[in-house]
Amino acid sequence: MEKRKSYHGIIFDLDGTLLDTIADLACSANLALAEYGYPPIETSAYKQMVGSGMMTLMRRCFPKDTPESEFPAILDRMLYHYSRHYLDGTAPYPDIPDLLDRLSRAGILLCVNSNKKDAYTKALIERSFPHISFVEVLGETDHFPRKPQPDAALHLASCMGLKPDQVLYVGDSGVDIDTGHNAGMDTIGCLWGFRGKEELTEHGAMYLAETANGIFDIATGNQIFLTSSSQEHR
């Protein structure tokens, strides 16, 4: 098969892509559940709940009959705990710091687009990758709708001075793949994240990467890792 083009920019998801944040998210959500008299949820179960913002996470882990009017206060409690625990166990996935350094040295521009609150997104990036120069890091704000809406991704492409077809969108969930498609960008699904191959393939990830090095090879056009479902999205 013909070798794919190289790319000039990459937009990364945060949770489950660059950083393993699940333990701290689960801890904070479980502390909020405990305050309301509910039992904790297994940390592994949270991998299927995160990715669409903190409020959605609260709606998914609290009982379905919880009145909607209670969720603003519930979210406040979760964020109270998360503000005290979000740095406890969160760390980059293996080889991610090296990947970002190699991409930067190769001249590929880097951005981050997360549904996590903007302040936490920026703080985690600054703490985890202090030597990497990102063009822009963008979490959830009032200025753009959450993923999978493409507004934030398109803004980041503009910040890089690139057209969407020059940018890769990299993430671990169907929400990320949908975001990339909605923005007119090629997509990479990360197999080490929270969701897994089946969801990424179902949403039409153009590429799948088993390791951080796979992302570098795809971005620079050295190798291709096309999924069987990607053809219909090309």
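What percentage of the 234 residues in the protein chain is buried? In this predicted model, buried residues make up 53% of the chain.

Let's start with the overall build. The protein chain has 9 helices and 8 strands. Its radius of gyration is 17 Å, close to the 17 Å that the globule rule gives for 234 residues, so the chain is as compact as a globular protein of that length. Along the principal axes, the C-alpha atoms fill a box of roughly 55 × 35 × 30 Å. Of the contacts with a separation of 6 or more, 66% are between residues 24 or more positions apart.

Here are some values for the chain surface and its charges:

| Property of the protein chain | Value |
|---|---|
| Positive charges | 21 |
| Negative charges | 32 |

Now for a look at one helix. H1 covers residues 22-35, and its 14 residues reach 20 Å from first C-alpha to last, close to the 20 Å expected at 1.5 Å a residue. Its buried residues are Ile22, Asp24, Leu25, Ala26, Ser28, Ala29, Asn30, Ala32 and Leu33. An α-helix has 3.6 residues a turn, so residues three or four places apart point the same way.

What covers the buried residues of H1? The cover includes strands S2 (19-20) and S4 (109-117), together with helices H2 (54-61) and H3 (71-85). After H1 comes Gly37, which has a positive phi near 85 degrees.

Key. Residues are numbered from 1 along each chain as its sequence is written. This is a predicted model: local features need pLDDT of at least 70, side-chain atom pairs count only at pLDDT 80 or more; totals for chains, interfaces and linings use all residues. Side-chain values use heavy atoms; hydrogens and water are left out. Helices (H or I, at least four residues) and strands (E, at least two) are DSSP runs, numbered from the N terminus. The radius of gyration is taken over C-alpha atoms; the globule rule is 2.2 Å times the number of residues to the power 0.38. Buried means under 20% relative accessible area, exposed over 50%, partly exposed in between (1.4 Å probe, protein chains only). Contact means heavy atoms within 4.5 Å. Lys and Arg count as positive and Asp and Glu as negative; His and the chain ends are not counted. The place of a charge is taken as NZ of Lys, CZ of Arg, CG of Asp or CD of Glu. The expected span of a helix is 1.5 Å times one less than its number of residues.
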